[in-house]
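Please look over the sequence and the model shown below before reading on.

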Amino acid sequence: MAEELARLDRWLNKTEEKLDGGKIQRPGSIVDACQALSKARDLRAEFDTREKPLETAKELVGEGDAELKALTQKCERVKKLTDFYLQKVEALCVIWASGQVNADITAIEKAIQASGSKVKMTGDDLKACVTEIQAVLVV
């Protein structure tokens, strides 16, 4: 159990570093963007498998254990970062594919909703995301 938790901790560190604060990189093409989306979805799905030892440890030891608490907080932080990154990459794909790169926020919101996307961001988060996407895509 301890080795599995240590493995989870190392994986969280590596994942957090790889996500680099959730920044998106300029893809070479829409195909590259879609591949990045697929990888982001795979990464998010990997959490379900990776965090099982943590859930088991919490059941066995209890949630009061300081080390488990710290690992749980780290896991939640990286999971939120992964979710946010996934939403940003999905938004990037939708915006690029719909030709809305230079559109205003209202048109972009409509494009995202029309696409059936699961992007769920608050207005301010969406504006920040769109600004980042536009900065990445508009050279």
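Leaving aside neighbours within four places in sequence, glutamate 90 is in contact with Leu37, Arg41, Ser117, Lys118 and Val119, where contact means heavy atoms within 4.5 Å. Glutamate 90 has its place in helix H4, and helices here are DSSP runs of H or I with at least four residues, while strands are runs of E with at least two, both numbered from the N terminus. Because its relative accessibility is 9%, glutamate 90 counts as buried; buried means under 20% relative accessible area, exposed means over 50%, and partly exposed lies in between, with a 1.4 Å probe and protein chains only.

This is a predicted model, in which local features need pLDDT of at least 70 and side-chain atom pairs count only at pLDDT 80 or more, whereas totals for chains, interfaces and linings use all residues. Residues are numbered from 1 along each chain as its sequence is written, and side-chain values use heavy atoms, with hydrogens and water left out.

**The chain as a whole**

Along its principal axes, the C-alpha trace spans about 50 × 30 × 20 Å. Of the 139 residues of the chain, 38% count as buried. Among the contacts with a separation of 6 or more, 80% come from residues 24 or more positions apart.

**Single residues**

The table sets out the accessibility of several residues.

| Residue | Relative accessibility | Class |
|---|---|---|
| Glutamate 3 | 45% | partly exposed |
| Tryptophan 11 | 5% | buried |
| Threonine 15 | 1% | buried |
| Phenylalanine 47 | 0% | buried |
| Aspartate 83 | 25% | partly exposed |

Threonine 15 is found in helix H1, and, not counting residues up to four places away in sequence, threonine 15 touches Leu43, Val78 and Thr82. Glutamate 3 also lies in helix H1. Glutamate 3 and proline 53 are 50 residues apart in sequence, and their C-alpha atoms are 9.7 Å apart in space. Aspartate 83, in turn, is found in helix H4, which covers residues 66-97. Aspartate 83 and glutamate 59 are 24 residues apart in sequence, and from C-alpha to C-alpha they are 25 Å apart in space.

**How helices pack**

Two packed helices are described by the angle between their axes and the distance between the axes. Axes are lines fitted to C-alpha atoms, for helices over the stretch in contact, and angles run from 0 to 180 degrees between N-to-C directions.

The axes of helix H3 (residues 52-61) and H4 come within 11 Å and cross at roughly 150°. H3 and H4 are therefore roughly antiparallel to each other, given that angles under 35 degrees count as roughly parallel, over 145 as roughly antiparallel, 65 to 115 as roughly perpendicular and the rest as oblique. Their crossing is left-handed, a term used if the near helix is turned anticlockwise from the far one by less than a right angle, with right-handed used if it is turned clockwise. On the H3 side Leu54, Ala57, Lys58 and Val61 take part, and they meet Leu68, Leu71, Thr72 and Cys75 in H4. By class, this contact of H3 with H4 has six nonpolar, one polar and one charged residues; Ala, Val, Leu, Ile, Met, Phe, Trp, Tyr, Cys and Pro count as nonpolar, Asp, Glu, Lys and Arg as charged, and the others, Gly among them, as polar.

How do H4 and H6 lie relative to each other, and at what angle do they pack? H4 and helix H6 (residues 123-137) pack at an angle of about 60°, with their axes 10 Å apart, and H4 and H6 are therefore oblique to each other. The crossing of H4 and H6 is right-handed. Phe84, Lys88, Ala91, Leu92, Ile95 and Trp96 in H4 meet Asp125, Cys129, Val130, Glu132, Ile133 and Leu137 in H6. By class, the contact of H4 with H6 has nine nonpolar, no polar and three charged residues.

**An aromatic pair**

A search of the whole structure finds one aromatic pair. The ring centres of tryptophan 11 and phenylalanine 47 are 4.9 Å apart and the planes stand at 75°, so the pair is edge-to-face. Rings of Phe, Tyr and Trp (its six-membered ring) pair if their centres lie within 6.5 Å, and planes under 30 degrees apart count as stacked, over 60 as edge-to-face and the rest as tilted. Tryptophan 11 lies in helix H1 (residues 2-19) and phenylalanine 47 in helix H2 (residues 30-50), so the pair ties together parts that are 36 residues apart in sequence.
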